[in-house]
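User: Could you take a close look at one part of this model for me? I'd like the cut-offs spelled out as you go.

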Amino acid sequence: MSDTPNYVGQAILRREDDYLLRGQGRFIDDLPTPGDTLHLGFVLSPHAHARILGVDGSQALALDGVTAVLVGDDLAKLVQAPFAEIEFPGYHVHGRDVIARQIVRFVGETVAVVVARSPYLAQDAIELVEVEYDPLPACADLESATSPDAPQVHDDIPNNTIFKGDFTTPDFEAAFEGAEHVIRERFRSGRVGGVPLEPRGCLALPEHGDGLVFYSSTQVPHLLRTALARFMEHPESRIRVIVPEVGGGFGTKAQIYPEEFIAAALALKYRRPVKWIQDRREELLTDIHARDHIYDVEIAFNGEGIVQALRADITTNAGAYSSLPFGCTLETTGGARMIVGPYRITNYTYNARAVATHTAPSGAYRGVAQPSCFMAIEGLMDRIARQLSLDPAAVRLANMVPTAELPWTNVVGVRYDTGSFMESLQRAMEMIDYEGFRKRQPADRLVDGKYRGIGIASFTEVSGTGAPGWRARGLVRMPGFDSGIVTVEPTGKITAYVSHAHAGQGHYTTFAQVVADALGADFEDVTIVEGDTATTPYGTNTFASRSAVTGGGALIRAATKVREKMRRIAAHVLETASEDIVIEAGRAHVAGVPEHGLSFLEIAETAYSMNNHTLPDGDGYGLEETDFYDPPLVTMANATHIVEVAVDADDGRVRIENYAVVHDCGRLINPMIVDGQIHGGAAQGIGEALMEEFVYDGEGQLQNASLLDYLLPTSEDVPMFKVEHIESPSIDTVGGFKGVGEGGLIGAVPAVLNAVGDALAGLDININVKPLRPTLLGNLIREARRDRL
C-alpha cells in the first residue's frame, strides 16, 4: 500500500451516479444499431416435456422482412451443445443444444429462432411458426423426482439425479448417539429468481475477416468469450466481448445462455449485425431459477444447548439442465459446506443431491445456497432454545467460535482467518434493544392485535473464492484468479484495467479508491476500465462477492510494482536512495523534505523519455505493470441480522418494524457503497422470505410468469435499516478485503423467518417453509386458534 493511504475507508460519492441519474448510461438496448441489423425472436415450447415432431416456418417466412426460421439441427451445425465441465464424483455431465432437438424439457425452451429485419416483425413471425408436439409426462415436483416411476428428464441420468455427494466425520455416529437431545426438522425453500430491472440482451457485430464484437449484458465477459470460442470452434483472438451498463445482475447474468451463442453464430453466418433483447416473460421463463431446496436436518445437543453433531440431507432442484458455467453443484455443495456457519460444529455428516426436473434450469443467484442453509441452521438454533427454555441469542453465543480462537478451520476444511461472530451478534442486540424487547414481549406475543416477534440470523458469507475453492467444488474450468493492469500515463494520470464487469456495484469508484491508495495518487486522477476483453486482462469476472477481494488484490499488486518503479525513478533524479522516497498525494519526495520532490507528471516524463533525465540502471521505459491475484480457498465475511416483526392476527400479513445489521467484510473500501449493498440485498431477502416464489403445476406449467403474479417487495415492504460495521481485515488476502455483495440477502431470509416463528411461538406454529405469504400464515393462525378452543 502507499505510504499514507487516504481514500480506502471513505464514503466517497459514486462516480457512476452522475451520468446514470442524468439518463446518460448506455445499456444494451441503447447501443447504436446498424441499419442492416437482423433481430431475433424465439419460439418457446409451451410444454414441459414433449417430442418435437415438426416445425413449419413457411407462414413466417412469407412475411416481408423475415430472413430465416431456424431449428435445432440448423444451429447444431454452428454451435456444439454447451456443457458445464465438472470433475466431481457422482456428477453426470450432459450438454444442452442451444435450440432443442427432438425433445423439449421445460416450458420456455427454444424450439426455433426467427431472424427478421426488425424486432417487431420477429415477434409477429414467431406467432406464425407452427410446431407439432407429442406431449410426454412431466416431472416438475422436486419431492417426487427421484421416485422409481417419475418421468426421466434425461435418459442417461438414472433417477433424475445429476449429482450426489456425501461427507462424514470419523466420530459422527458416536457423538450423535451420545447426545442428550435431538431435534429433527424439514426446511422447504421456494423457488425464486433474480428478476433484474433490465432483462438480458446482446448485439453481435461481425468485423473484417472473421472478427466479432459481441455486446452482452453479462457479468462474465472473459468467460463468455472463452465459451463462444470453444463451442463455436472460433478463434478466441477474433472475438471481443464488451459489457455496456448493466441494469442488475445478481448472478442471473453470470450464466452463459443459449441466446448468446445463437446471436454470435448467426452474426458470423450472415455477416450482418444480430440483436436480441429479452422481454419480461422470457426472463421469468428462461433465466436461471434458484433455491428450490429441501433440507432434512437433525441436530444433537446437550442440556446447555451445545451442539454435539449435525446431520443434513439436502436435495436441490437443478431444473432441466445444468447451467453454464457453474453446473448444478453450486447450490448442492454450497449448502452442505456452509451450513455450519460461525458455529463450533465438529461432528457432521451430509448427503446431498441435485435432481433434474422439467422446469427452468437453476443456477447461481445472489447468495446461492446460503439463504437456505442458514434458514436451516438458524432455525435449529431457535428450536434448541425453545426446547431448553433458553434465549436464542444465548444458544448462538454458546456455540460460536470465539474471536480469540481464530484462525479456525471448520469441519469441512474451510478456514476462517479473521471474524467477529460474537461481537457482531452482541452489537446487533444492543442496536435493536434485544433485551428490552424480550422483557416487554408477552408470552402469547399478542400486542394490539398483532403477534410480535424477534428473529436472529448470525452467519458466515463465502466470498472471493479462488482456484482452490472452485476445484474443491469440481469446477475445473473456472480460473479463480483475476488480473489488473495499472498504467501511469505520460500526463501523470492513472488508468487501471481490471478483469471485472460492473453491474451497479460502484466499481469505478471503489477500485479507484484502492488504486489511489496503493499508488499514492489522487483519487481524481485514477480512471478504471473494465468489461471489455480487448482492453482488460483475463480473469474470472464478477460474481460470488469476489470483486473487492480478487480485483482489488490484483490492482494492489500491480500498483505496488508501479509505485516501486516510480520510487526508483524519483530517487535517481533526486539523487537519493529509493528507500528515502515517500509517495503521496500524486508526488514523490524525499522523506522529511516535502518540497524536494517530483510530481507524477515529472516522473512520467522521465519514464516515457520526454525530458533529459535518464532512467535508473535496469529499468525500462514506461510506467505500466500487470499482476494477477488468486486468493485462498475462500474468504469468509460474517454478519448478524436481527428483525422485529408484527404478524396480523386476522389476515397473516407481516410487517417489519425494526431491522438491525452488523456486518464484517474486513477492511471497508467505501462504507456508503457497502451500506447500499446491504440495503439492496436485505430488500431482496425480505421478498424471498415473504412473497417471492415461482409456482409450477404438476404438468410443469409456470403459473406466475409475469410481475402481476410473481410478487416483488416494494418500498412499503422494506423498513429503514440500522447498519453498523466491524472491521476484521483478512490476514489471508491482499488488501484485507472480504466480500459483501450477498450478505444482505443471506441474513434477511432466516432472520425474517425466525422473527415470524418467534411471533407465532405462543400458538405453537412451526415456521419451516418460505415464502410466508399472508394466506399461509392466516390459515396457520386460524387453525392454531381453533385447536385451542
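Predicted model: local features only at pLDDT ≥ 70, side-chain atom pairs only at ≥ 80, totals over all residues.

Analyst: Residues are numbered from 1 along each chain as its sequence is written, and side-chain values use heavy atoms, with hydrogens and water left out.

Polar contacts are another story. The rule finds 11 residue pairs in polar contact across the interface of domain 2 and domain 3, both residues at pLDDT 80 or more. A polar contact here is a pair of N or O atoms within 3.5 Å; within protein, one must be able to donate a hydrogen and the other to accept it, and residues adjacent in sequence count only if both atoms are side-chain atoms.

On domain 2's side, helix 6 (221-232) and helix 8 (280-286) each supply at least two of the residues that touch domain 3. Helices are DSSP runs of H or I with at least four residues, strands are E runs of at least two, and both are numbered from the N terminus. Helix 8 gives the most to that side, with 4 residues. By class, the side of domain 2 that touches domain 3 has 20 nonpolar, 7 polar and 5 charged residues. For that tally, Ala, Val, Leu, Ile, Met, Phe, Trp, Tyr, Cys and Pro are nonpolar, Asp, Glu, Lys and Arg are charged, and the others, Gly among them, are polar.

Now for the extent of the interface. Domain 2 covers 31-136 + 195-286 and domain 3 covers 289-467 + 632-788, with bounds that come from an automatic or database domain assignment. Their centres, taken over C-alpha atoms, are separated by 36 Å. In contact terms (heavy atoms within 4.5 Å), 32 residues of domain 2 meet 33 residues of domain 3. The two domains bury about 2,500 Å² between them, 66% of it on carbon and sulfur atoms. Phe 250, Gln 255 and Leu 284 supply 24% of the area that domain 2 buries against domain 3, more than any other three residues. Buried area is the accessible area (1.4 Å probe) that two parts lose on being put together, summed over both.

Arg 271 lies in the loop between helix 7 (258-270) and strand 13 (274-277).
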